[in-house]
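Please keep the structure in view while reading.

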Amino acid sequence: MQVYNPVKAALLFAASKAPLDVAAGRVALEASADHFARYGILTIEDAAASLVLTTQGARALGAGAPINSDDQNLLATRSARLGDARLDFAGLQRMLADHDPLPALSARLEPLKLIRSLVRKSLLGRASTLADALPELSREIALGWVAASRGRPKLAQTHFGRALELAPD
């Protein structure tokens, strides 16, 4: 099982008897490029950017947690009965952060493409975390994109300037 967060207001639970491997989905993406493009998925990194839990992460997150049901939906985002107990996007991101599969998966993907996909989805915390683990040149480029997306043009300029110093060509 894997859990995806394709848009802020949705979680997609995908299960299969066979192991799921988003990084191996390049063949499927290439075979149906037009279909996936309608949903903004142009690269495998676009699909991976939505992955929030692998089977192992889902098991770890759920270990010892109360059972989720229609009457007691701990993932609910809207209901008159919820009040402040609703799960908002920031709360979801905090809940999932310790189980983020992207650091391990990024070695099989193109990290800068993955970070660009995260930035386009406004997942700036995840993008920054991945950027911090990159080699210096790629890190500066990625942090420049994050800063620009956060509306910090001077900081973005600083990061991009460092990248140009490291690789003037």
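Contact here means that heavy atoms lie within 4.5 Å of each other. The model is predicted, so local features need a pLDDT of at least 70 and side-chain atom pairs count only at pLDDT 80 or more, while totals for chains, interfaces and linings use all residues. Residues are numbered from 1 along each chain as its sequence is written, and side-chain values use heavy atoms, with hydrogens and water left out.

Leaving aside its neighbours within four places in sequence, W145 is in contact with L112, I115, R116, V119 and F160. W145 sits in helix α9, residues 136-149, where helices are DSSP runs (H or I, at least four residues), strands are runs of E (at least two), and both are numbered from the N terminus. The C-alpha atoms of W145 and R120 are separated by 9.7 Å, although the two residues are 25 apart along the chain.

Two packed helices are described by the angle between their axes and the distance between the axes. Axes are lines fitted to C-alpha atoms, for helices over the stretch in contact, and the angles run from 0 to 180 degrees between N-to-C directions.

| Helix pair | Angle | Axis distance |
|---|---|---|
| α7 and α8 | about 160° | 8 Å |
| α8 and α9 | about 165° | 9 Å |

Because of its angle, the pair α8 and α9 is roughly antiparallel, a word used for angles over 145 degrees. In this pair, L124, A127, S128, A131 and D132 of α8 meet R139, A142, L143, V146 and S149 of α9. By class, that contact has 6 nonpolar, 2 polar and 2 charged residues, where Ala, Val, Leu, Ile, Met, Phe, Trp, Tyr, Cys and Pro count as nonpolar, Asp, Glu, Lys and Arg as charged, and the others, Gly among them, as polar.

The helices α7 and α8 are likewise roughly antiparallel to each other. Their contact is made by L114, I115, L118 and V119 of α7 together with L124, R126, A127, L130 and A131 of α8, and these residues divide into 8 nonpolar, no polar and 1 charged.

The last topic is the largest pocket. A pocket is an open set of points on a 1 Å grid over the protein atoms alone, where a 1.4 Å probe fits and protein lies on both sides within 12 Å along at least five of seven lines; its lining residues have an atom within 4 Å of a point. The largest pocket is lined by 24 residues, and Y4, I41, D46, A47 and S50 lie nearest its centre. The lining has 14 nonpolar, 6 polar and 4 charged residues, and α3 gives the most to it, with 3 residues.

Conventions:
Parallel < 35°, antiparallel > 145°, perpendicular 65-115°, else oblique.
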